[in-house]
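Let's start with the overall layout and then zoom in on a few backbone spots.

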Amino acid sequence: MSAPQFAADRSLGKLAKWLRLLGYDTLAQRGEEDGAFLCRAQEDDRWLVTRSRVLARARAPRTVFIENNAPRDQIAELFLKTGLSPDIRLVFSRCAPCNTPVEPLAREDAMGAVPDYVYSSQERFTKCPACGRVYWPGTHIGRALDFAASALRGGAKGGLRGCQNSITPDTRLCSKP
Ligand SMILES: [Zn+2]
């Protein structure tokens with residue numbers, strides 16, 4: 001089974017970065033119009049994650065309407081509502097700012113690209129082929145997993161209210177079935 005993919009609307013930029021740190025292919029809406037964004041999400045069969053009632057009204061097959069404000073609560077709400085859970089094998093496989101899968105980087109090539117204390121304390125490094133950012137999984141994996149774990153422990157505040165039911169469907173945003 002392939003990993004779920006997400007599309008996060010423009011109000012959920014931080015959540016999009018956290019989803020990428022957890023390893024999920026996550027499309028972010030930037031200047032794009034709602035209709036174009038929705039179509040792109042549907043073409044890729046992504047979960048649409050939104051705080052926009054306009055987008056939620058489009059009733060794409062897999063839409064999650066997010067009610068929480070803090071990214072930690074939003075992660076918890078998203079996993080609760082989709083029934084998904086974080087997969088440790090995916091964590092840290094993707095660049096957070098640009099969504100590109102990262103590649104292994106030889107340790108000697110990381111010298112100078114990361115702070116000296118990081119270079120001397122870490123064994124494994126990865127690099128984003130698109131933007132050149134260098135990552136060291138040791139600390140980042142721990143941070144991402146701690147974040148997800150604490151989010152899931154805490155649960156989402158009001159995350160399971162059935163608010164999608166109160167939204168009137170509007171299927172005009174994307175003409176694709
Ligand atoms: Zn990158």
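## Layout

The chain has seven helices and seven strands (DSSP runs, H or I of at least four residues for helices and E of at least two for strands, numbered from the N terminus). Read from the N terminus, the order is β-α-β-α-β-α-β-α-β-α-α-β-β-α.

This is a predicted model, where local features need pLDDT of at least 70, side-chain atom pairs count only at pLDDT 80 or more, and totals for chains, interfaces and linings use all residues. Residues are numbered from 1 along each chain as its sequence is written.

## Confidence

Mean pLDDT (the predictor's confidence in each residue, from 0 to 100) is 83 for the chain, with 80% of residues at 70 or more. Over residues 156–167 the pLDDT is below 50, yet the model gives this stretch 23 contacts beyond near neighbours in sequence (a contact means C-beta atoms, placed from the backbone, within 7 Å).

## Helix α4

After α4 comes G83, with a positive phi near 75°.

## Positive phi without glycine

D45 sits in the loop between α2 (34–43) and β3 (47–50), and its phi is near 60°. D45 is exposed, with 11 other C-beta atoms within 10 Å.

N99, in the loop between α4 and β5 (103–105), has a positive phi of about 75°. N99 is partly exposed, with 18 other C-beta atoms within 10 Å.

Key
Contact = placed C-beta atoms within 7 Å. Buried ≥ 20, exposed ≤ 12 C-beta atoms within 10 Å, placed from the backbone.
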